[in-house]
Each structure stands twice: as structure tokens, then as C-alpha cells.
Amino acid sequence: MSNQSLQPPTSSSTSTHTSNSADTDIRAAGVALLAHSDPVRALALVSKAIAGSGVCSGSSDLLDAHVDLLDLRAMLLAALGRFSDALVDANTVVQARPQLSTGYLRAAKILKKQNMDQRAFKVYRIAVQKVSANDPGKKKLEAQFIELATKLGVSVKRQKRKPLEESNKSSAANIQEPSQESLQCSQPDAFNFGPVNLPFEIIQTIFELLPLTDRIKCLRVCCSFRAMLSSNAFLWRTIRISNNRLTDAGFTTLVRRGGAHISSVVLANCAKLSNGALRSLTSTRCAQRLAVLELAGSMRVTADAIANFVTARHSALRRVNLSRTRVDDSGVDAVVNNCRAALRELVLSECADITDGALDGVVADALRGASANGGGSGGVSQLELLDISRNPQLTDRFVQNAARSFPRLRTANLDGLERATHRAVDALAMHCKELAWLDITGLSFAEAGANDAANRNSLEVAIIKLASECKGFKALRLASCKYANDGVVDALTVLCSTGIESLEFPQSANITDMSLMRIARRCKSIKALDLSWCPRVTDAGVAMAFDSAFGGLGQQLQRLNLSRNPRVTDKGLLALALAGVRAAAGLVELNISGCEISDAGVAAAFGPAPGTAAAAGEVLSGAAPQQRFAALRVLRIDACPRVGNALVEKLRQWLPRTRVSANLNL
């Protein structure tokens, strides 16, 4: 094909025929090159043809005659990632032929490739009004408009209108088509707030940031707000309410607003909800989107209703919270089996109807799946978090079944399982190699007929197994256990010295300064430490723990709780402020409530003269303070009768960025 054939002839009729024929050939060649994964050569060919045709001169006749070439070049530019240039060509096509769908479809497609759905929606909304009803791409345009509106949660309805005469065809703004119907969006272009007009997109963003309860209040502000909030299901995709007055009717209204877009339902303490709430949620057909379901405290929802809801194709659930509900063994089995592939978090705390046999069917299915796959792990549950706290009826058998059923468990909360023993910890160590966080507060480590020494040894052996088998173990909470002593801490810190990030041993009478020193020396990455109500922790242990000569707690420590320790006094607080200046600089929260501290100790630690034993009156009248706890945001000195109100007020001036809690009655 020669360059001369691309030049427009002098005759207008011949020019149209020749240019259309040439455009068709060039378009076919460009598409062929693009099909062979050569968009660069195709773009060069089309650009050369456009330059030779004179389109760049801006003549409306030439633009109108070569829209196919411009549309093809826009497609090629978008394929090469040059979206700005592609939009320029698409806009040129729209200006040349505003009554055709070609330019609008191309522009919207380019915008959607850049994840600019709101701008693409605007293009569609303008196009359905401008494009003629006789255009071949009208139906495709309307279909894509409705599809994007559904994705954005905007309602679109078809309205009748009278035919209008065409005028000013050269101007896109004045084109009128004789279509008898048009698709209308229920959203206004802008909202009028007195002298200020806010675009629809800004209002929608504001509504997205509001809590659900505030959106409900906005429904009663004005008709415009109500129309936009009611028609935009995207704003109701997350239902999060904690209100004991919520009824089934009110919940059904919220569900209807969100429809199939609902992805999260979090209901806390909604005692009036019953089975009707789950039936209304099932009717919305949100099975593929619903990922979070929390019904904590909904005691009127029966176990059968929960089982029926989960089995009704709701297999995409990732988090299920059924704490303080009437769920029983059949409900647990339905949740685990139907959501095996997607479920990541399961909370079953304070569920009195669950027994040890709740997971028997799950274990049997897992064993059959393993044997069918030649001992492989086909069909293994992906659960990562299990909370069965405060279920005193559960024993070691339930925990052992859970460990076999959920080998990828990372977080386990066994708080309050009074009938469980060290065998529960052994099962988790044997089957859950990825376990990182464990709460075993309240477990009974006492064997029948065994003395305290034997029981203490059983606990130490269980902790050693846990630390040696779970290489990524990071956090342990063990409160109110008389068998927890320095030996348990020693075993844990030796085997997990590099990975431990949180240790909590509150109300442990046998934890001493030796444990505090070992933690400081070995656990350099620890971020949280709780040794509250440990009466054998003293000022000497605090001083050595933060002294660099003895290893020193690392700069990673963020939360330290030494509350209710009567042997931690002003000396320990001063040691924390002086010997641990480097380490304590990273503290975010410090709790020394109930310790034997006074005005003089607090002033010496946080006042303008660090390390001095000046009286409180001298410190209060001193110069501007020096802040050595730059990162500190929470300081608790509750139940400290020797700390006066005057010192507390001055302390809040010394630490302006810190929330100081000094309630005498706590």
C-alpha cells in the first residue's frame, strides 16, 4: 500500500469512498498485527495512516471520516499502557461522532483498565443520553452501563421520554437523539449545601467513611440523602451494629439495602434477633460475597437456624463468631465442613451447648481424606484462629480433635477450660507446627493423685514440647497458675529466645526476679511483658532487667505491666528511668498501678531533674521538664494513694502526649 493512496482526493464523494476503503484495509492490517502480539508495528502503521490522512489538521469532515482509525489507535495505545494518549484519541472520536457509541465504549474501557470505575460510570451515563437508538452498539453500551452500575451499587431504571429534534450536530453537547427510552441513574450530579455544591463522588466517599449508625441517621436528613443512600447498595455492604434494641424487622431493612453486595455482618449483643434475621440474610443471595458473620450474644438464634444458614451455600465465610449463642455440635460441624476451604477464624467462646464430640465428624472426614490421598493433606482445613475460651464443659478430647482437624492453627485461646490439662498443650505441639499465640489460662495442670512437684514438672514438659515443636512461637499467656515458676520461663526463653514477642504471667506467685532477668537477657525482640500481681518481683529485678550490664530489655519493648506488685517502689521506677533510658525510650504503655510509689518517685522519674531525690514541692516549682519517655502514650498510676493530685496535674504537663490515668479507687 503506497503513501499516495492514503492522501485524500479532491472530490468529496471520492474522498469518502477512498478513505473508508483505505481505513478498512489499514484497520484489518493493524488488527492482524495486534493478533500476532505486535502492537508496536500496528501502532506505527495506524499512526502513519492517520498522519497522512490529514486528521491532525482538525477538520471536522476528516475527523468524521477516520473515526475507525482513531478508535483503533486508542485500542493500540491502551494495549501498550499509554492510557493518557489513548483517552485523547477516544475523546476525539466522541467529538467527531457524539451520536455513535464507538468513542464512549473505548473511553470507558480504558478507564476501567485503570480501575477508574467512577469515571467510567460517568462516561456511560453521558453516553446513554447522547447515543442514537439506531446505533448498533447501543445495546452493548446499555448492558455495560447496567453491569458497572450494579458493581458500584447504583440503581438504574428505564424511563420513557418524548422524542427530540436534532440540532447542532457538530456540537456534542447539543446532540439530541430520537430514542423513546433512556436509562436514568437515580443519583444527582451534585448536592447543594447552600453556597457549596459537592459532587456525587465526594458525598459517596464521605458516606463510606461514616459508621453504619450515622448512615442510618442520614436517611432522615433530606430526600436527596435518602434517595442516594437507599439506592447505593455498596454503602451497606458491611453491617456492624451493637444494639440490644435491634429487631428482625430492622435488620431485614438493612439487609435489603445491601442486597447481594453484603460482605460482612457483625452483630454484638443484639438479644432481640431471632431466626428471622438469618432467613432474611439468606434471601439476599450474598453467598459468594459474605465473608464475615458474627452473632455474639444472639441467644434467640437457634442451633438449627445457624446450621441451615451455613449449609445454604455460604461457603465463602472467612470469620465466624458464634460466642454466647445456642450453637451446638451440629452447628459447629456444619460451619467447619461447609466452610473448610475459606474459613480462617472461628470463635466459640461461652457456648454452653458444645460438647467434646463437636469435632468427631470433622476428624473422621479428615482421616478419610488423608487415606484417599495416600496419606496426603487433601481437604485439610485452613483455620488459623480458634477461640473456645470459657467453655468449662470441654476437656482434652475437644482440644485434641481440634489440633488434628486444624493443623495450620496459629492462634488458640483455651482460657477457662477447667477440665483440660497439659495433654491439650501436648496435642497442639504435636499437630499444630505453625502455632504462634496461645492462651492456657485456667487449665487444670493437676493430675489425680499427683503432688505439686509432679504437676509443675508436667507443665514444664508441656511448655518444652510446645517451644521445641512450634518454631514460630511468639506469645504465651498463662495467668493465675500456681505451677508457673521460673523453670517454665527458663525453658520457654531458652528455646524461643529469638522469636518471643509477648509474655504474660499475671497473678503468678512463683514468678520472681530471676524470670525477669532471663527475659531481659534472652528475649531481645519482646514487645509486651505482663508481670502484674507477681509479689516476688522487686525493685532489684526491675533495675537489673533494664541495666545494660545484665543484658537489658531491648528497644523493642512497647508495653510493660508491673501493676499490683507491692515490692516495686520508687527505687524500681527510678531505675527504669535512669538505668534503662535507652531501652525505655521505646515504651508506649507503662502500667505501675497499685505499686508503692510516691510523689517523689514519680517526680524523679518524669520530672525536670532526673535521678534526684528532691522533694515533691521542689520539683513542682522547678524548671521545664525533660521528657525521656518520648514514645510513651499511656501511663497508668491508678490506686497509688501516695501520689497526689497536684503531682498528677504537673505530670500531665510534663507528658503532654501521654494519657495519664490516676484513679485512686481502682
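This is a short walk through one chain, from the whole fold down to a few residues.

Keep in mind that the model is predicted. Let's start with the overall picture. The chain has 666 residues, and 48% of them are buried. DSSP gives 27 helices and 19 strands. Now the contacts. Take those between residues at least 6 apart in sequence: 75% of them join residues at least 24 apart. The accessible surface comes to about 30,300 Å². Carbon and sulfur atoms account for 51% of that.

Next, the surface. Which residues form a nonpolar patch there? They are Ile464, Val494 and Leu495. Together they have about 240 Å² of accessible area. Look at Ile464 in particular. Its place is in helix H19, which covers residues 452-469. Ile464 has a relative accessible area of 39%, so this residue counts as partly exposed.

Now to Ser532. This serine sits in a loop, with strand E15 (528-530) on one side and helix H22 (539-545) on the other. Is Ser532 buried or exposed? Ser532 is buried, because its relative accessible area is 5% and the cut-off for buried is under 20%. What does Ser532 touch, beyond its neighbours within four places in sequence? The contacts are Phe505, Pro506 and Gln507, then Asn561, Leu562, Ser563 and Asn565.

Last stop, the rings. Find Trp236 on the structure. Arg257 lies over the face of Trp236, 5.5 Å from the ring centre.

Note on methods: Residues are numbered from 1 along each chain as its sequence is written. This is a predicted model: local features need pLDDT of at least 70, side-chain atom pairs count only at pLDDT 80 or more; totals for chains, interfaces and linings use all residues. Side-chain values use heavy atoms; hydrogens and water are left out. A charge sits over a ring if NZ of Lys or CZ of Arg is within 6 Å of the ring centre and within 35 degrees of the ring normal. Helices (H or I, at least four residues) and strands (E, at least two) are DSSP runs, numbered from the N terminus. Buried means under 20% relative accessible area, exposed over 50%, partly exposed in between (1.4 Å probe, protein chains only). Contact means heavy atoms within 4.5 Å. Accessible areas come from the Shrake-Rupley method with a 1.4 Å probe; for residues, only the protein chains shown count as cover. Patches are made of residues with over 30% relative accessible area and no salt bridge: like charges are joined within 9 Å, nonpolar side chains (Val, Leu, Ile, Met, Phe, Trp, Tyr) within 5 Å. A salt bridge is a side-chain nitrogen of Lys or Arg within 4 Å of a carboxyl oxygen of Asp or Glu.
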